[in-house]
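Hi,

Have a look at the model first, then read on.

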Amino acid sequence: MNYNIALLKGDGIGPEIVESAVRVLEAVGAKFGHTFHFTPYLIGGSAIDATGAPLPEETVKGCLAADSVLLGAVGGPKWDTLPGNLRPEKALLGIRAAMGLFTNLRPAKLYPALKGDCPLRADIVENGFDVMIVRELTGGIYFGDRGYREGKYGEEAFDTESYSRMEIERICRVAFETARKRRKKLTSIDKANVLETSRLWRKIVHEMAAEYPDVELSDMLVDNAAMQLVRNPAQFDVIVTSNMFGDILSDEASQITGSIGMLPSASLNEGTRGLYEPIHGSAPDIAGQGKANPIATVLSAAMMLLYSFNLVEESQAIVSAVDRVLEQGFRTADLSHGAPALTTIQMTDKIIENL
Ligand code: IPM
Ligand code: MG
């Protein structure tokens, strides 16, 4: 089969890690008889520098025409002082909205080989953990009304959170279906003791539970969830939550796996076209040094094969290769504890050797 993939390398370490994933995809293509065509488009700070806009029209068109999209990372200190709607991050929100990517899947699991890197006490992670965070990605406070106004005490800023029944239903449906294919446990995380949006969310998710009697649904308040993730992460199977809470909890979940450099993500719409990216940022401090961990991006490519192209065996080949490389003891600098580490390219070579 032939697949057209739009490449959004972005800023910082983005180009290096996307290059790694491209090489791994090419190796998978050679092994399994597929051809991947890659077309690069500008996004983020590099797009601002070249065109004046973080998300050029051509990039949006290219992503909408491709079979799928692979993204590195956007942002950096150079563009941090630009106004909100011109920041590199705005491009990320823009492409999510343009492609209708309302579902964000962020898996976080403890690799047995990386147990020693987990910042949690050994007895807490004795049996590991494997959580799938299903984050709503195109609604809530990220996309609500915002602005500045004159308030009672002078200058004031506001952001608003709103969720419609339709938005809640479609993300919860994805979460129930995901739980059904895993350990059949779904935790819906909200702030229903304070927020109306959370109360509507909670009401709807419980209405829907009747359609999924095989899935055990429970609710958890977000502050408690933040605590439970470090107290006993193994209690979670699938988590479903709003855009903002999912942003925060997924960073927390990533850190307890040992390195944020390991976690992939998939952003999906109702169809098969998705956007795949590591959950980490552009790491400007190590950009261009060839030492970034490419695994999160490589695993994002594996998620693309699974979710956009339904190439189950091919996807698993990448996941298994990464497992083996870690078992063999190979580490990039983020996980080497000061010991000699593999470069981005060497780590990519190792993954390809193990395919
Ligand atoms: C993420 C990031 C983005 C978000 C930022 C860069 C806009 O933190 O993908 O988690 O908040 O969604
Ligand atoms: Mg985030």
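The second largest pocket in this predicted model holds about 710 Å³ of space. A pocket here is an open set of points on a 1 Å grid over the protein atoms alone, with protein on both sides within 12 Å along at least five of seven lines; a cavity is a set of points where a 1.4 Å probe fits but cannot get out; and lining residues have an atom within 4 Å of a point. For volumes, grid points are joined across faces, edges and corners, and the space filled by probe spheres set on the points is what counts.

Lining that second largest pocket are 28 residues, with E89, L92, L93, R96 and Y142 nearest its centre. Two or more residues each come from β3 (68–73), α4 (88–98), α8 (243–255) and β12 (274–278), and α4 gives the most, with 7 residues. (Helices are DSSP runs of H or I with at least four residues, strands are runs of E with at least two, and both are numbered from the N terminus.) By class, this lining has 13 nonpolar, 5 polar and 10 charged residues. Nonpolar means Ala, Val, Leu, Ile, Met, Phe, Trp, Tyr, Cys and Pro, charged means Asp, Glu, Lys and Arg, and the others, Gly among them, are polar.

Now the largest pocket: about 870 Å³ of space. Its lining has 31 residues, and L105, M132, M303, L306 and Y307 sit nearest the centre. The elements that give two or more residues to this lining are β4 (103–109), β5 (130–136), α5 (165–180), β11 (264–268), α9 (295–307) and α10 (312–327). The lining splits into 17 nonpolar, 7 polar and 7 charged residues.

The largest cavity has a volume of about 50 Å³, and its lining is E161, Y163, I189, D190, T197, S198, W201, S242 and F245. β8 (185–190) and α6 (196–209) each give two or more of these residues, with the largest share, 3 residues, coming from α6. That makes 4 nonpolar, 3 polar and 2 charged.

On to helix packing. Helix α1 (residues 14–32) packs on α9 at an angle of about 45°, the axes being 8 Å apart. Axes are lines fitted to C-alpha atoms, for helices over the stretch in contact, and angles run from 0 to 180 degrees between N-to-C directions. α1 is therefore oblique to α9; under 35 degrees counts as roughly parallel, over 145 as roughly antiparallel, 65 to 115 as roughly perpendicular and the rest as oblique. In contact (heavy atoms within 4.5 Å) are I17, V18, S20, A21, V24, L25 and V28 of α1 with T297, V298, A301 and L305 of α9. Those residues are 9 nonpolar, 2 polar and no charged.

α1 also meets helix α11 (residues 344–353): their axes come within 10 Å and cross at roughly 20°, so the two are roughly parallel. From α1, E16, S20, R23, V24 and A27 touch T344, I345, T348, D349, I351 and I352 of α11. Here the count is 5 nonpolar, 3 polar and 3 charged.

Some housekeeping: residues are numbered from 1 along each chain as its sequence is written, and chains are lettered from A and ligands numbered from 1 in the order in which they are written. Local features need pLDDT of at least 70, side-chain atom pairs count only at pLDDT 80 or more, and totals for chains, interfaces and linings use all residues, while side-chain values use heavy atoms, with hydrogens and water left out.

Cheers
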